[in-house]
Amino acid sequence: MHKRWKLLAISAVAALGAGLLAGCSSGGSGSGSDTISIWYRPGSLPTAAINGVKKEFPDAKISLLKTPDVDTKLAAALRTGQNIPSIAVTNVFTFSNALDKFVDVNKYGFKKDADQYLPWKVKTLQSKSGQQVAIPIDIGPIGFYYRSDVFQAAGLPTDPADVGKLVSTWDSYRQTAEKIKASSGGFICDAADASLYRAQRFQQGYYYYTDAGKVDAGTALSKSTFTDSIQFAEDGLCLNAEPYATDWNAGVAQNKLVGWVGPAYQAGLMKTAAPNESGKWRVATPPGGPASTTGSSLSVLKATPDAALATKIAEWLTNPTNMAAGYAQDSLFPSTPDSFTSPAMAKPDEYFGGQVTTDVLGPIAKQTPYIFIGPSSTNIEAAFSNAITNAVAKKTNPEAAWSKVLKQVQQQYK
Amino acid sequence: MTTNRIAETNGRETRRRRIKPGSVVTHTILIIAVAVFAFPFYWLVVMATSHTGDIFAFPPRLIPGAEFFANFSKVLHGTTFGRAFLNSLWLTVLTVALQLFLSSLAGYVFAKRRFPGRDRLFGILLFTLVLPTGVALIPTYQIYASLGWLNTYLPLIVPSAVTAFGVFWLRQAAESGVPDEVVQAAAIDGAGFFRTYWSVALPSMRPALVALGIFQTMWTWNDYLWPLLVLGNPNQYTLPLAIQELNGNYGTTDYSTVMSGTLVATLPLVILFLIVRRTVFENLAGSAVKG
């Protein structure tokens, strides 16, 4: 009579036991006391570096963890003080309240190698008190990407050097946008915040903070970039599709988006969305002067068993050789100028009709102005960008949109 | 059974009579509604079986293509998808089995056994239901970190083994579905506690068990944040993590690849639903009458 019950109980216990065993036996990555654990987002570090790091440091115990959302995972670890990795690819400035948990890599040998990296990028990764809390990985030099065939049909120059001159200022960019729209019906601006607002701000090295580290969102520059961008889109000169959204890809594939201003890594979007347009795209210097998006970085955490070794590993992961390989394989634009002359970067790009894109993007990367990144920079940027998108969608008066969003931002971020 | 017969008679009647304009309107609305709800899933199939370039062309591709295996091989190549699928599978089976067993046991006891402080205990249990999960996230993480269970599956199994919601759900089912007379009759016949639970209570709770099983399957199968926080090795990853890995560094996404992975990840849930569909509908009808 009780057999069936017994069977059930036994199987339940067995199931639980199996679960426990499976749970324990596969917990292999636990960071032992002397393990250098590295957390990174998929695609954030050069594949060659990931594959080669254990061979390069045979004596170190290295565990690599590729995981989505490193910032979320790291936040949980830092808040509880447990399970903290040695090295993490993370946006260090979101942890501005916990910077004391990050290693100043200058103390462990980064200082003598810092000149391998672009100076402005190294400086952006310093805390207010001058500690080097992260090591550069990649950057996003901003270029003007355009369809040479559409430019030709409009009777405009097609050579990158000439096009760069044609759109050298934001005014001449607007005139070109009007001509292209009249001749082909296409747009050379994807969205006001992506093509115009971001580049205009970064060209002035402005990221909503004073150099002393205070939020200052209401400057004349902040206002003019905001209202001008909205006006440009409300005059019907943008496709109004954000990069990484499906309608952006559709715009490229359907020849509606025939130009845009944006960071180099966005070029990869076109290659997957519109493989048939290969050979027609080119890149030129952007309107208004050189600028780059700040890209990613990796940090060493104080919980590491060996800060000197961890710093050495972090530096090796991003050295010029690995960064050049990262450009070829992972579309990461190096922050190490020595990589620019590597074969991978000096190679003509088929998708760009045989253009060597580094010839345009390399100098932009070098001439990019320094940007102070504050703890709320990216949040404020998101607030303004959303306000721009909303204003354009609703055709709000730019001035009205500005006073509304500025009030919000000033209340929220002080 | 009776409902079936009524449905059949209705069917015969409509066939004999002329079609009423009212039913045409009803059906048109229903068909539109079905299309609206089914289209995203259909679009998933189209995206998973086409080139990314085809999807964004104009006019967009509207029929499934032949690229599924090419897309899916990219998924297998780019992630530990196969491993993650197996992980999700055994984890889901285990948590569902534990949840159904332990929650039904507790639910049965709360509903049918008398012991001091029963209602107060149940009240406390209900109170934990109203706590938002976000609040508990960091303390829970802290507990498992202190236990040394991070980077193992234990934090995924133990909290799901028996949940307040499961106990609550099955207590309600036992309360209304298991007649006291039958429990007493079983006792008179000499059945012990577990015998009564197993042979009398469980069969009466079947619809509720199936429903809870489906919920728990969905929760475990789709959970992203908690596995992200507690797992520490790509070989341990569950499906949502593996699929998330397909998204590139700055959001660069090859939609066809991601969608083919998503499609395969969705299939088990679809199949499961097809299998238990009848029980679910019975349960829905049942609770409608009772409520």
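Asp149(A) is partly exposed, at 28% relative accessibility.

Across the whole structure, the search finds 14 salt bridges. I will go through two others.

Next is Lys271(A) with Asp349(A), where the closest N and O atoms are 3.0 Å apart. Lys271(A) sits in helix H11, residues 267-273, while Asp349(A) is in the loop between strand S10 and helix H14, so this pair links parts of the chain 78 residues apart. Lys271(A) is partly exposed, at 36%, and Asp349(A) is buried, at 18%.

Then there is Asp34(A) with Lys61(A), at 3.5 Å between the closest N and O atoms. Asp34(A) lies in the loop between helix H1 and strand S1, and Lys61(A) lies in strand S2, so the pair ties together parts 27 residues apart in sequence. Here Asp34(A) is partly exposed, at 45%, and Lys61(A) is partly exposed as well, at 46%.

Now to confidence. Chain A averages a pLDDT of 90, and 92% of the residues score at least 70. Where does pLDDT stay under 50? That is residues 7-31 of chain A, for which the model has 29 contacts beyond four places in sequence. Where pLDDT is low, the predicted coordinates should not be read in detail.

Technical notes:
Residues are numbered from 1 along each chain as its sequence is written. Chains are lettered from A and ligands numbered from 1 in the order in which they are written. This is a predicted model: local features need pLDDT of at least 70, side-chain atom pairs count only at pLDDT 80 or more; totals for chains, interfaces and linings use all residues. Side-chain values use heavy atoms; hydrogens and water are left out. pLDDT is the predictor's confidence in each residue, from 0 to 100. Contact means heavy atoms within 4.5 Å. A salt bridge is a side-chain nitrogen of Lys or Arg within 4 Å of a carboxyl oxygen of Asp or Glu. Helices (H or I, at least four residues) and strands (E, at least two) are DSSP runs, numbered from the N terminus. Buried means under 20% relative accessible area, exposed over 50%, partly exposed in between (1.4 Å probe, protein chains only).
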